[in-house]
Amino acid sequence: MKKIEAIIKPFKLDEVREALSGLGVSGLTVTEVKGFGRQKGHTELYRGAEYVVDFLPKIKVEVVVSAAILDTAIEAIVKAANTGKIGDGKIFITPVEQVIRIRTGETNETAL
């Protein structure tokens, strides 16, 4: 099993969720986050004063999938989240050793 963490633009969340649902992914976690990469933030004007916005709003989508659908899930996220512009985000993949569903006690693949 693998955990996929995708940092995406907020307005792309629905497209990513639909793409993953189409693959049979039954659950995911979404967190509102702020950060910057190569984009390095931007300047804005407020009441005549210019100020720098260092951290940009992003969405972090976390999902655990079986290794069998990992590549398909990654492709689906990339396709759904891509705008072709700077700041589209990143995807991180980490191994998951064990999963336990608290309510039923199911473990690993059956707990997904």
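# Reading contacts, packing and confidence

Colleague: Which residues does Val64 touch, not counting residues up to four places away in sequence?

Modeller: Contact here means heavy atoms within 4.5 Å, and with sequence neighbours up to four places away set aside, Val64 touches Met1, Lys2, Lys3, Val96, Val99 and Leu112. Val64 lies in strand S5, where strands (E, at least two residues) and helices (H or I, at least four) are DSSP runs numbered from the N terminus. This is a predicted model, in which local features need pLDDT of at least 70 and side-chain atom pairs count only at pLDDT 80 or more, while totals for chains, interfaces and linings use all residues. Residues are numbered from 1 along each chain as its sequence is written, and side-chain values use heavy atoms, with hydrogens and water left out.

Colleague: Is Val64 buried, partly exposed or exposed, and how far is Val64 from Gly84 in space?

Modeller: Val64 has 28% relative accessibility and counts as partly exposed, given that buried means under 20% relative accessible area, exposed over 50%, and partly exposed in between (1.4 Å probe, protein chains only). From C-alpha to C-alpha, Val64 and Gly84 are 26 Å apart in space, and they are 20 residues apart in sequence.

Colleague: How should I read the packing of helices H1 and H2, and at what angle do they pack?

Modeller: Two packed helices are described by the angle between their axes and the distance between the axes. Here H1 (residues 13-22) and H2 (residues 70-81) pack at about 150°, with their axes 8 Å apart; the axes are lines fitted to C-alpha atoms, for helices over the stretch in contact, and the angles run from 0 to 180 degrees between N-to-C directions. H1 and H2 are therefore roughly antiparallel to each other, a label for angles over 145 degrees, as against under 35 for roughly parallel, 65 to 115 for roughly perpendicular and the rest for oblique. The crossing of H1 and H2 is right-handed, which is to say that the near helix is turned clockwise from the far one by less than a right angle, anticlockwise being left-handed.

Colleague: Which residues of H1 and H2 meet?

Modeller: On the H1 side, Glu15, Val16, Ala19 and Leu20 meet Ala73, Ala76, Ile77, Ala80 and Ala81 of H2. By class, this contact of H1 with H2 has eight nonpolar, no polar and one charged residues, with Ala, Val, Leu, Ile, Met, Phe, Trp, Tyr, Cys and Pro taken as nonpolar, Asp, Glu, Lys and Arg as charged, and the others, Gly among them, as polar. H2 also holds Lys79, which is exposed, with a relative accessible area of 71%.

Colleague: Where are Ser66 and Thr83, and what are they in contact with?

Modeller: Ser66 sits in the loop between strand S5 (56-65) and H2, and at 17% relative accessibility Ser66 counts as buried; leaving aside neighbours within four places in sequence, Ser66 is in contact with Met1, Glu109 and Leu112. Thr83, in the loop between H2 and S6, is partly exposed at 29%, and, with neighbours within four places again left aside, Thr83 is in contact with Lys9, Phe11, Lys12 and Asp88. The C-alpha atoms of Thr83 and Lys9 are separated by 9.2 Å, although these residues lie 74 apart along the chain.

Colleague: What is the phi of Asn108?

Modeller: Most residues other than glycine have a negative phi. Asn108 has a positive phi of about 50° although it is not a glycine, and Asn108 lies in the segment after strand S6 (89-95).
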